[in-house]
Structure formats: C-alpha cells, structure tokens
Amino acid sequence: MNIDKIFENNKEWVNSKLELDKDYFKNLSEGQSPEVLYIGCSDSRVTAEELIGAQPGDIFVHRNIANMVPNTDLNVMSVIDYAVVHLGVKHVVVCGHYYCGGVKAAMASQDLGILNPWLRNIRDVYRTHQEELDAITDEEQRYRRLVELNVQQQCINVAKTAEVQRAYKKRGLKIHGWVFDIHSGHLIDLNVDFETILEGIMDIYRID
Ligand code: CO
C-alpha cells in the first residue's frame with residue numbers, strides 16, 4: 001500500500017459511490033443503525049467488512065490484537081455497551097483467525113514487554129484448556145485449536161457483561177463465534193450457543 005496513493009484512491013471511491021447514488025453520502029451522514037457488532041483481530045489480512053461483504057453502515061467494528069474481550073479493558077467494554085445499549089445491535093460476533101500472531105506469541109515463552117499483560121489473557125485460555133491442548137501432538141493443530149478456544153472464551157466474556165445479559169433476556173440478542181481461515185478465505189462458524197454459555201456461567205456471573 002503506497003501511502004501517497006491513499007487520497008487519490010479515496011477520490012476514486014467517492015466518485016464510484018456517487019455514480020451509483022448521488023445521495024450516497026447524504027444518506028450515510030444521517031445516522032447509523034448497524035445490526036451487527038463485529039469484534040475481530042487487528043491483523044491486516046483479516047479485513048472485517050470486505051470478507052463478509054459489508055457496506056458502510058452495516059457493521060459496528062472493534063479490532064484489537066487477537067480479538068480479545070478482557071473484562072477490564074475500557075475500550076472493548078465501551079464498544080459493547082454502545083453497540084448493545086445505544087445502537088441496539090441484534091448480533092455480537094467475535095471473529096478470530098488461524099495464523100493469528102497474537103495467539104502464536106502467547107504460545108511461546110518469551111518476554112514481549114507491554115504485550116505481556118494482553119497476551120496473558122490468551123495464556124489463561126490455554127491454562128483453562130490445558131489438558132485438551134496438550135493432548136494435541138501436532139503443533140499446528142494445537143495452534144488452530146487455541147485460536148478456536150480463544151474465540152469461545154471471548155464470547156463467554158461478552159456474555160458476562162450486564163448489558164448483554166439484559167439484551168439477551170429482553171430482545172434475544174445473539175452471540176456468534178467465527179474463525180476466518182486465511183489459508184482458504186472461508187469463514188467457519190464455531191456454533192457458539194448462547195444458551196449453553198449462559199447455563200455454564202450464570203451461577204457465578206449473573207448480573208441482571
Ligand atoms: Co490475529
């Protein structure tokens with residue numbers, strides 16, 4: 001990506017939109033009512049909108065290293081609150097991806113400075129599922145499985161928030177766990193079941 005070309009690209013994009021609809025930007029400026037909150041990885045290869053065919057206005061997006069939902073992260077917690085309470089999204093998606101550098105780094109024993117506390121959240125997922133993961137002898141398969149388990153754990157973290165529990169009860173908010181397979185380009189649905197998640201955690205985490 002040549003940084004000098006960005007403004008030129010933008011002009012072309014504006015023109016292409018206006019050619020199809022002269023009121024495109026006027027309509028866009030009137031507000032947003034996306035139905036989906038997408039929480040994904042910052043990885044440059046996993047473009048949220050492009051890989052699911054979304055247009056401006058379709059999805060509310062939050063991206064960070066390894067698509068994490070740490071309970072004390074004010075950033076992701078604010079995004080969830082705003083999307084669920086104020087925008088009234090119908091779906092919350094946590095989308096991970098195979099070959100995730102963040103997950104890979106968490107599997108290695110190395111000091112990465114400021115990244116340590118962030119990656120520790122992934123190490124916690126490993127510890128929670130250590131028996132299953134250690135039983136996988138193929139390292140690549142173990143890495144892929146940790147990516148999937150991490151997505152599941154972040155979905156559980158979404159379900160631990162009061163606003164999500166309330167929206168589930170009041171209007172049937174749904175949570176989805178997906179993995180993007182960079183190798184094939186396909187999205188894989190992990191079929192995360194909100195009912196089951198809630199059954200498993202509500203004894204301890206019920207807020208509302
Ligand atoms: Co990643």
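Trainee: Which element gives the largest share of the lining of the second largest pocket?
Mentor: α10 does, with 5 residues. Keep in mind that this is a predicted model: local features need pLDDT of at least 70, side-chain atom pairs count only at pLDDT 80 or more, and totals for chains, interfaces and linings use all residues. Residues are numbered from 1 along each chain as its sequence is written, and side-chain values use heavy atoms, with hydrogens and water left out.

Trainee: What makes a residue part of a pocket's lining?
Mentor: A lining residue has an atom within 4 Å of a pocket point. A pocket is an open set of points on a 1 Å grid over the protein atoms alone, where a 1.4 Å probe fits, with protein on both sides within 12 Å along at least five of seven lines. Gln153, Ile156, Lys160, Thr196, Ile197, Gly200, Ile201 and Tyr205 line the second largest pocket. Both α8 and α10 (194–205) supply at least two of its lining residues.

Trainee: What is the volume of the second largest pocket?
Mentor: About 170 Å³. A volume is the space filled by probe spheres set on the grid points, which are joined across faces, edges and corners. The largest pocket holds about 220 Å³. Its lining has 14 residues, and the closest to its centre are Asn71, Asn121, Asp124, Gln153 and Asn157.

Trainee: How many residues of each class line the largest pocket?
Mentor: There are 5 nonpolar, 7 polar and 2 charged. Ala, Val, Leu, Ile, Met, Phe, Trp, Tyr, Cys and Pro count as nonpolar; Asp, Glu, Lys and Arg as charged; the others, Gly among them, as polar.

Trainee: Which residues coordinate the cobalt ion?
Mentor: Cys41 (SG), His97 (NE2) and Cys100 (SG) do, at 2.0 to 2.3 Å. The cut-off for N, O and S donors is 2.8 Å (3.2 Å for Na, K and Ca), so these atoms count as donors. Water is not among the atoms, so sites may look incomplete.

Trainee: Why does the pair Cys41 and His97 tie together separate parts of the chain?
Mentor: Cys41 lies in strand β1 (residues 36–41) and His97 in strand β3 (residues 91–97), so the pair joins parts 56 residues apart in sequence. Strands (E, at least two residues) and helices (H or I, at least four) are DSSP runs, numbered from the N terminus.

Trainee: Is Cys41 buried or exposed?
Mentor: Buried means under 20% relative accessible area, exposed over 50%, partly exposed in between (1.4 Å probe, protein chains only). Cys41 has 5%, so Cys41 is buried. His97 has 1%, so His97 is buried too.

Trainee: Why is His186 called exposed?
Mentor: His186 has a relative accessible area of 53%, so His186 passes the cut-off for exposed. The residue sits in the loop between β4 (174–180) and β5 (187–189).

Trainee: Which residues have the most contacts inside the largest nonpolar core?
Mentor: Leu37, Ile80 and Val158, in a core of 48 residues. α8 gives the most to this core, with 8 residues. Such a core is a set of buried Ala, Val, Leu, Ile, Met, Phe, Trp, Tyr and Cys residues joined through side-chain atoms within 4.5 Å.

Trainee: What does Val158 touch?
Mentor: Leaving out residues up to four places away in sequence, Val158 touches Ile39, Val69, Ile80, Val92, Val94, Val164 and Ile175. Contact means heavy atoms within 4.5 Å.
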